[in-house]
Amino acid sequence: MKHKETIIETERLMLRRFQSDDAEEVSTLIANTLRTTNIKDYSTEYIENTIQSLQPQNLLKRSEWTHFYVVCDDNRIVGCGAIGPYWNREDESSLFTIFVLPEYQGKGIGRLIIQTLEQDEFFIRAKRVEIPASITATPFYRKMGYEYKNGITEPDDEGLLRLEKFR
């Protein structure tokens with residue numbers, strides 16, 4: 001499936017589609033964010049296991065079946081996020097891999113990523129969109145209009161909360 005390039009530019013930031021040569025930098029961004037921001041809610045072992053599952057080769061595979069975006073400040077990637085089908089369904093989608101470097105958090109980059117994902121064709125075609133959310137990110141997603149799936153407010157056996165939005 002061929003997709004048009006999405007580019008959003010502000011004064012300093014550019015949002016664009018993930019490219020294969022971004023994988024190493026995005027993996028490093030994720031590791032930095034998990035070790036700095038998410039460590040308050042998760043054990044070191046959990047963080048390191050998550051980092052291992054989001055190595056460059058895994059991100060490249062994810063980019064094959066999702067629409068993956070990065071936010072750049074000049075030539076530095078400072079945030080990322082992806083949207084794809086929920087278990088290959090046409091009428092449901094999921095958000096994945098949403099991370100913002102710690103020093104860029106609270107500056108609207110996460111909001112820019114979510115707004116971009118919510119304009120993507122995978123979002124537009126979906127009746128329901130789910131986010132497997134970290135404990136750390138749940139308050140942010142709730143501000144963006146996502147609610148607890150089935151009213152469950154405790155993390156599941158993967159340490160995640162399932163949030164959703166209906167369209």
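**Reading the fold**

Me: Where do I start, and how many helices and strands are there in the protein chain?

Reply: Start with what kind of model it is: this one is predicted. Then list the elements. The protein chain has six helices and eight strands. Read from the N terminus, their order is β-β-α-α-α-β-β-β-α-α-β-α-β-β.

Me: What does the radius of gyration say about the protein chain?

Reply: The value is set beside the one a compact globule of that length would have. For 167 residues that would be near 15 Å, and the protein chain has 15 Å, so the two agree. The C-alpha trace spans about 40 × 35 × 30 Å along its principal axes.

Me: How should I read contacts, and what share join residues at least 24 apart?

Reply: Look at how far along the sequence the partners lie. Of the contacts between residues at least 6 apart in sequence, 62% join residues at least 24 apart.

Me: What percentage of the residues are buried?

Reply: A residue counts as buried under 20% relative accessible area. In the protein chain, 50% of the 167 residues are buried. The accessible surface comes to about 9,100 Å², and carbon and sulfur atoms account for 48% of that surface.

Me: Which residues touch the most other members of the largest nonpolar core?

Reply: That core has 48 residues, and those touching the most other members are Val26, Ile30, Leu95, Tyr141 and Tyr146. Helix α1, residues 23-36, gives the most to this core, with six residues. For Ile30, leaving aside neighbours within four places in sequence, the contacts are Leu54, Leu59, Cys80, Thr97 and Phe99.

Me: Thr97 is among those contacts of Ile30. What is the phi of Thr97?

Reply: Thr97 has a positive phi of about 55 degrees, although Thr97 is not a glycine. Thr97 is in strand β5 and is buried, because its relative accessible area is 7%. Asn88, also not a glycine, has a positive phi near 65 degrees. Asn88 is in the loop between β4 (76-85) and β5 (92-100), and with 72% relative accessibility Asn88 counts as exposed.

Me: Why is helix α4 described as largely enclosed?

Reply: Count its buried residues. Helix α4 covers residues 109-117, and seven of its nine residues are buried, so the rest of the structure largely encloses it. The buried ones are Ile109, Gly110, Leu112, Ile113, Ile114, Thr116 and Leu117.

Me: Is His67 buried or exposed?

Reply: His67 lies in strand β3, residues 67-73, and counts as buried at 2% relative accessibility. His67 and Asp120 are 53 residues apart along the chain, and their C-alpha atoms are separated by 7.9 Å.

Me: What is the separation of the C-alpha atoms of Leu163 and Tyr46?

Reply: For that pair, 117 residues apart along the chain, the C-alpha atoms are separated by 20 Å. Leu163 is in strand β8, residues 161-166, and counts as buried at 0% relative accessibility. Beyond neighbours within four places in sequence, the contacts of Leu163 include Val129, Ile131, Tyr141 and Tyr146. Tyr141 and Tyr146 were also named among the core residues that touch the most other members.

Technical notes:
Residues are numbered from 1 along each chain as its sequence is written. This is a predicted model: local features need pLDDT of at least 70, side-chain atom pairs count only at pLDDT 80 or more; totals for chains, interfaces and linings use all residues. Side-chain values use heavy atoms; hydrogens and water are left out. Helices (H or I, at least four residues) and strands (E, at least two) are DSSP runs, numbered from the N terminus. The radius of gyration is taken over C-alpha atoms; the globule rule is 2.2 Å times the number of residues to the power 0.38. Buried means under 20% relative accessible area, exposed over 50%, partly exposed in between (1.4 Å probe, protein chains only). Contact means heavy atoms within 4.5 Å. Accessible areas come from the Shrake-Rupley method with a 1.4 Å probe; for residues, only the protein chains shown count as cover. A nonpolar core is a set of buried Ala, Val, Leu, Ile, Met, Phe, Trp, Tyr and Cys residues joined through side-chain atoms within 4.5 Å.
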